[in-house]
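Colleague: I'm new to reading protein structures. Could you walk me through this one, feature by feature?

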Amino acid sequence: VKPKMKRALLLGILVAAGLFALLELFGWLLGGGIRFGAAARAEAERPGRSQSLRAANEALRNKLADLAPHGVFVVVDTAGNRVYLRQRSVVLREMTASCGSGNILEEPGGGRKWVFDTPRGQFRVQSKTSNPLWVKPDWAYIEEGEPIPKDSRERALPGMLGDFALGLGKGYFIHGTMYTRLLGRNVSHGCIRLGDEDLKALVQATSIGTKVIIF
Amino acid sequence: MRVLSFLLLVLLFTDTAPSMGEMLNSEEESVHRQLKAEVEMGSQPRVYFVFDLPAGKILFRSSGITVAEMPIAASRVWGRVPEIKIRSVIEKHSLFAPRRENLAPSPRKKADGGKFDLKALELEDMPKTFQLRLDDGTRISIRSFRPGFFSRLLQFPTDAFWYLTRPLISDWNFFHGKPYTELLISLQPQDVQQLYWSMEEGARCIVHWSPQETRKK
């Protein structure tokens, strides 16, 4: 019985190993890119195609170059908490900022929820304000466990946003901060905070309509 | 004899070397597709990503300009290269995905002796290995590159596992009627974290494969 069992076991192992090797081989051939595309090759080899492609590519390159911002623009790196004032590929000024903390706040008893992220994408400077007032939003009262005032005039707080604020829309701003020691960290509620000198330089260099790219 | 006929069958189905004309045309063709996709994405007010494998870079772009870039330390492609097209990230997966902090409403505490209890999601909280799944089924695995002999030695079992399991995954997908393509990219650890941070689900990207990519293993 023993030699028979041994032989059966050996055969089993051999069959399994063979099957595994076959599967591996077939997988390798698939992964290596078996191509049945004779039609694609014929298309690629069509005479004159290369020249027309080159011309089309040149036109597309020009179109792409036209999309680039003319003049200065602002780039915000929310992970590195950096703001760059750029013109084409030249960095005119690099600044340390504070971007969104990514925290979540939920209103007690359900209802509203806020995620304190700095939004990503492409924006434009929509407003420039000197000595801006911070109109304290609902979430700020909820976060501090304070009652929300009924009179909207009670919400206006001077000095909280620094000397200037650049509006990006939807309630997001590039503004100053009292917490300068936290610049370089993700601590804001979504706005982009800058130090006084950097903010002043940014306000002077930008105008309404300047592109702000946030990633 | 049977082995010989099997090998002949394999050779018949495996691609032969391309002609010079075909190479030039296919390169121009892939550049054309990339540019077309870029013009379309650059016209929209958002940031998109270009995995430029021939140049060995990942580019963060918007309006046709590069706003940030990171070098690819190493890359590897498994499977058939798909057509260059705008792709969306439909899933971002990591074993150690960061979690957002839920703030509890409470009166503001005064900073104690300069110390500050900072509750925030920051770059160093991001994982150093993750995978992206694109809408065409392509998977992009991103991992940290560690230079040095010992790091490479430690990397060997992972690489061996990768090479052993990819054929089986290809088989599985083949029998389910789906192609399987995986791009493995190694970056500096901080770049992996930056990419995880910036590439949200729904982000759009282009993978610029080099025409010879399928032959590069």
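Modeller: Happy to. Keep in mind that this is a predicted model. Let's begin with a hairpin: in the one formed by β2(B) and β3(B), two residues sit between the strands, and B:Ser63 takes a positive phi near 50 degrees.

Colleague: How do those strands of chain B pair, and over how many bridges?

Modeller: The general idea is that strands of a sheet pair through backbone hydrogen bonds, either parallel or antiparallel. Here β2 (residues 57-62) and β3 (residues 65-71) of chain B go antiparallel, over six bridges.

Colleague: Which residue takes a positive phi in the hairpin of β2(A) and β3(A)?

Modeller: That's A:Arg88, with phi near 50 degrees, and this hairpin has two residues between its strands. Its strands, β2(A) and β3(A), are antiparallel with six bridges, and A:Leu85 has A:Arg93 as its bridge partner in β3(A). On to another pairing: β3(A) is joined to β12(A) by two bridges, again running antiparallel. There, A:Ala97 partners A:Leu194 of β12(A).

Colleague: What is the order of the strands in the open sheet of chain A?

Modeller: Trace the nine strands as β6-β13-β1-β2-β3-β12-β11-β10-β7, with mixed pairing. At the edges you find β6 (121-124) and β7 (127-130) of chain A; each has a single partner strand, so one side of each has no neighbour in the sheet. From one strand to the next, the twist averages 30 degrees. As for β6(A), its pairing with β13 (residues 211-214) of chain A is antiparallel over four bridges, and A:Gly121 has A:Ile214 in β13(A) as its bridge partner.

Colleague: Which helix lies across β3 of chain A?

Modeller: Helix α5 (residues 196-205) of chain A does, running at about 135 degrees to β3(A). The strands of chain A that α5 lies across also include β1 (72-77), β2 (82-87) and β10 (164-169).

Colleague: How should I read a nonpolar core? Which residues touch the most other members of the largest one?

Modeller: Think of buried nonpolar residues joined through their side chains. The largest core has 47 residues, and those touching the most other members are B:Phe51, B:Phe60, B:Ile185 and B:Leu195. Leaving out residues up to four places away in sequence, B:Phe51 touches B:Ile58, B:Leu132, B:Ile140 and B:Met199, among others. There's also a second, separate core of 20 residues, which includes A:Met95, A:Phe123, A:Leu166 and A:Leu199.

Colleague: Now a single residue. Is A:Thr78 buried or exposed?

Modeller: To call a residue buried, we ask for under 20% relative accessible area. A:Thr78 has 2% relative accessibility, so A:Thr78 counts as buried. You'll find A:Thr78 in the loop between β1 and β2 of chain A. Its side chain makes a polar contact with the side chain of B:Trp197, at 2.8 Å. Besides B:Trp197, the residues that A:Thr78 touches include A:Cys99, A:Arg120 and A:Phe215.

Colleague: And stepping back, how many helices and strands does chain B have?

Modeller: Chain B has four helices and 10 strands, in the pattern α-α-β-β-β-β-β-β-β-β-α-β-α-β along the sequence. Of its 217 residues, 44% are buried. Now look at contacts in chain B between residues at least 6 apart in sequence: 73% of them join residues at least 24 apart.

Methods
Residues numbered from 1 in each chain as written. Chains lettered and ligands numbered in written order. Predicted model: local features only at pLDDT ≥ 70, side-chain atom pairs only at ≥ 80, totals over all residues. Heavy atoms only, no water. Buried < 20%, exposed > 50% of the residue type's maximum accessible area, 1.4 Å probe, protein only. Contact = heavy atoms within 4.5 Å. Pairing = 2+ DSSP bridges. Axes fitted to C-alpha atoms, helices over the stretch in contact; angles between N-to-C directions. Core = buried A, V, L, I, M, F, W, Y, C linked by side-chain atoms within 4.5 Å. Polar contact = N/O pair within 3.5 Å; in protein donor to acceptor, adjacent residues only side chain to side chain.
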